[in-house]
Amino acid sequence: MSEDQTVTIEVDGRELQAQAGAMLIDVTDAAGINIPRFCYHKKLSVSANCRMCLVEVEKVWKPLPACATPVADGMKVFTRSPMALAAQKGTMEFLLINHPLDCPICDQGGECELQDVAVGYGSDVSRFVEGKRVVKDKDIGPLVATDLTRCIHCTRCVRFGAEIAGIRELGATGRGEHMTIGTYIEKSVDSELSGNIIDVCPVGSLTSKPFRFHARAWELVQRESIAPHDSVGSSVNVHVRRNEVMRVVPCDNEAVNECWISDRDRFSYTGLASEERLTRPMIKQKNGWMETSWHDALNQVAQGLKDVAGEQLGALVSPSATLEEMHLAQKLVTGLGSSNIDYRLRQGDFRGQESAYPWLGQSIEALETLNAALLIGSNVRKEQPILGHRLRKAAVAGANISFINPMELDMNYASSQLVNTPAGMVDDLAAVAKAQGASGDIIDSAEVGDAHKAVAEQLKTADNASVLLGNIAVAHPDYSLLCSLAAKVAETSGAKLGFLPEAANSTGARLAIRTDGLNATAMLEHPRKGYLLMGVEPAYDFYNPALATTAFDKAEFVVALTVFRSPTIEAAADVMLPISSFGETSGTYVNAEGTWQSFAGAVSPKGETRPAWKVLRVLGNMLDIDGFDQDSSVDVFNEVKETAGDRQPDNTVGDATDSERKVAAGGLTRIGDVPLYAIDPLVRRAAPLQQTKDAISASIRLNAREATRGGFAEGDRAVVVQDGNRAVLPIEIDPNVPDSCVRVPAGLAGTEMLGGQFGEVTLEKA
Amino acid sequence: MANEVCLRTLGLDRPWDIDQYRSIGGYEMLKKIFSEGITPEQIIEEVKTSSLRGRGGAGFPTGLKWSFISRNAPGQKFVVCNSDEGEPGTFKDRDILRYNPHQLVEGMIIAGFAIGATRGYNYIRGEFIEPAQRFQDAIDQAREAGFLGENIFGSGFDFDLNVHLGGGAYVCGEETALLESIEGKKGQPRYKPPFPAHFGLYGCPTIINNTESLASIPMIMEKGGQWFKDLGVENSGGTKLFSISGNINNPGVFEISMGTPFFELLEMAGGMKDGRPIKAVIPGGSSSPVIPGEQMMDLTMDYDSIQGAGSMLGSGAVIVMDDTNCMVKVLERMSYFYYEESCGQCTPCREGTGWLYRVVSRIENGQGRPEDLALLDDVTEKIAGRTICALGDAAAMPVQGMLKHFRDEFEYHIEHKRCKVGS
């Protein structure tokens, strides 16, 4: 019987059509026939261990698990016959004998699969009079709480680790009743997707540590939203109680995030409770910051902006701002006679002709179907974890995934990594292009090695290949070169060129913001008299924080529309206007695949904060600029839709292969990647995320050879000097960093005064 | 007829040595297969004729099992021998490994040739240190003599063997848990289908047979399937190894024809110790339901006879008990075994075995309740037939057997809070 044959089966007297070989439970689920289950999960392999989905199949003497029984033509199934019910109730009784039944104090209470199914299949009295099993809880890190006594051993969490997260951090050790879920050796679960085990756990064995004991499921109101931390735009449900965001969970969206979200999207809400939250407008005065009224603050801002109107005004907008906010910011800047507005705060190179509307080059789902991919300057697993998961699926299915990066990555699938200095990355990419037969200045002089040939061959022979540029590439001082070379590689191999945009609205920003004035770096290199900052922290959100800090310092007037106050904002700004954060505002993000995703606020703005679009709208009115009479964010949205709704994504880039190379080829080059929990102000304040292993603190990472050369040892403190600025940081020996490089990540406390993410540095003894 | 197949080397001075094995015609059959061009199909046909049934306990026809493998399908295939011998009361395979390892090696090579496998594994119980060494030595000798390795006797057929020692889990005697264990994973049974014949070791087509089954193959090939079949009775061909233990004078392993009366086996084992009356017999390893002694004395040792009495021939582990045994105590010990050895994977077995043990233990310790026997009946019903592998059934059946035949002892225990035996 071939796989695509349709068969007819009968379930509880109902005739159903199904694919031959499909598992019975999938067929009944599709038909809306409920069969109770615990271990089955649509995204995980079948383990058939819970025995809850046992059903009667005609001519079979014993009940069969629906999750592991392939349908065959003419099969007659009874899901509620005496045999089936006896088996299901029997399993239920077994599951409950050792389950603590502590529902009143269990966080899962009210949203527990065991509880739900027990209502239908359990008994009201237990015949088990023996002592119940007790299992010692394990500390698996700051995100997931364990209550292993409640575990029903379905192994969904184990299979999630092995099959989705791609690292087997959890396993079931011990036999029989002594079987327990754990890490075997005491350690934390560190996957960037680890929070999903909370969702797959059908009971209260794995629960959210930050959310624990804060609310009951039935007190929560669920509101849909879009995650704000990467260009995936995962669909999430924000759970709200009494106007407070209590937690964030995934919302099924097969095309985008399936049923998963990254830990960053799940736990970043904890940053909303930060003590640094700015809730009232503030004005800088001689003797410090003073709280003030919106009226006074806005008046001062209007006056300040008027004073610096014209090209002396620069606006720097977070790429996580909504389309509506960006649109009004653009209008305001234009209305004030300036053309200087940018959101590409971390871009290292603005030469060459950038693509008009950069995007993934394909749908997010399509990443799974790739046969080969070359990722340039990307740690996709940590930068866009859900895209990393899609690529992992492709790799597991046999795709060849290659990377060109300035450091070796810790991957969760087999891949080939070309690791080189930032300068060498350009050479590597040029060599791949040359191996494919492309030509051009820089390509012709490249030296082609076996690794380059292999990558070139894989891209060329694959039916479905893609060349993708990531966050590290964007910050590379020769980004324009990398883009041009990537385009050549894509062109000659027939692969799709794609970008892995950095932030939630990096793609959408192109639709709302015209970058025909000074770019982000130029605005800082040629300081403006006045700046409008929206959603950014000077020391952490710019390619060159030292440059940014100095520019703002010198400016006559700086207004910061900000969710948080912090020393770096306070130093830069003259007025701080408190804006609403994630969950509090409505708006639209355009994700990596070009999908416009609008969302409403889940809670009302905290304190006196206002959604940024409203603040901008009022400022527009006060400055007598036309076109600021929208009544809702939907009105703003409609304007954007009208002007940019028809724009099609376009990854065409100009040829800049003859450009001069900017990145230093000699000396020590800094690798200033941004760790995944340092990417924006909200994440940086999410305390549980900051306690994870991925939340590294600033240090100087270099390999043992470089350390020996400089006379440094692990744990030493050293001075890293960049553009004359100095930072004292500990040395860490890291074999993943290539020779002639030091990895000093950006966006972290301690790196505020350093220069460009990929600049030249020297090391000195402290 | 005794010691004609697997234990035919017992009379030899050093039966584990290749020269001595060859002195009685060992490895001649293998040579003959190659020299006379006997085909795999003919081998499988001969094994089918012999009516050899799996000696590990389930009694599945060996020839039929082999015929499930599509031997011409491309890719690796495996022969796996199950020498995990963990069933309480069973110690027969140990003696094959100790006293006739070469016949097993020869049997595995023939099996490999029959199904087109080039690699075999013998999964040996971890505690069998001396037997495993004997088998390893036999492999080494066979390789040196050219029976293992590449292009065996110019036949173009490659075959080699590996020993894999178990780690002490009973469940690894279950064939798919055994495969997982060889693969280096936790020994947990796989859900079937797919069966190992299609998806076995490392996902390749695999046959898994018991030590005794595979060691019988050379004799079946040498003397013919019909000869083997005629050694036994209808539906139970050949001879069988019985490991008999308990309250008897001379416990040990006996290879006798299928269909031999139980009382003859008991006589071979020296009869009841101290002449005490026979109370009960567990005929096929601890998983098989107990049979009252007087009923057992009328039975013959073959599949149908024992099955007719409501039990199973199983692995041929005969545990004989006299009237000093308290059946509640006996069951407590057996239930503890299954409670400890459940792999924990699927719910009914993981939870049910512990429940059974605790209830039986409570009865044994004078804390039984009147409703406990009905509870035991019910719990065993909810385990049996609802688990991934047969361990759940194995845990349920002894309880069911005991409650069927010795319910009065359990009732006495519950009522009087003490043992009926000796009171």
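**View 1. Contact between chain A and chain B in a predicted model.** In chain A, 37 residues are in contact with 33 residues of chain B. The two chains bury about 2900 Å² between them. Carbon and sulfur atoms account for 53% of that area. A:Phe94, A:Arg175 and A:Glu177 supply 26% of the area that chain A buries against chain B, more than any other three residues.

**View 2. Polar links between chain A and chain B.** Six salt bridges join the chains. One of them pairs A:Glu93 with B:Lys382, with the closest N and O atoms 3.0 Å apart. Strand S4 (64-65), helix H2 (82-97) and strand S7 (171-173) of chain A each give two or more residues to the side that touches chain B. H2(A) gives the most, with eight residues. By class, this side of chain A has 18 nonpolar, eleven polar and eight charged residues.

**View 3. Domain 2 against domain 4 within chain A.** Domain 2 spans 128-273 and domain 4 spans 370-499. Their C-alpha centres are 34 Å apart. The contact takes 22 residues from domain 2 and twelve residues from domain 4. About 1300 Å² is buried between these domains, 48% of it from carbon and sulfur atoms. A:Glu192, A:Val232 and A:Glu258 lose the most area on the domain 2 side, together 36% of what that side buries.

**View 4. Salt bridges between domain 2 and domain 4 of chain A.** The count is four. A:Arg381 and A:Glu192 meet through their side chains in a salt bridge, 3.0 Å from N to O. Helix H4 (residues 156-165) of chain A gives the most to the domain 2 side, with four residues.

How values were computed: Residues are numbered from 1 along each chain as its sequence is written. Chains are lettered from A and ligands numbered from 1 in the order in which they are written. This is a predicted model: local features need pLDDT of at least 70, side-chain atom pairs count only at pLDDT 80 or more; totals for chains, interfaces and linings use all residues. Side-chain values use heavy atoms; hydrogens and water are left out. Contact means heavy atoms within 4.5 Å. Buried area is the accessible area (1.4 Å probe) that two parts lose on being put together, summed over both. A polar contact is a pair of N or O atoms within 3.5 Å; within protein, one must be able to donate a hydrogen and the other to accept it, and residues adjacent in sequence count only if both atoms are side-chain atoms. Ala, Val, Leu, Ile, Met, Phe, Trp, Tyr, Cys and Pro count as nonpolar, Asp, Glu, Lys and Arg as charged, and the others, Gly among them, as polar. Domain bounds come from an automatic or database domain assignment.
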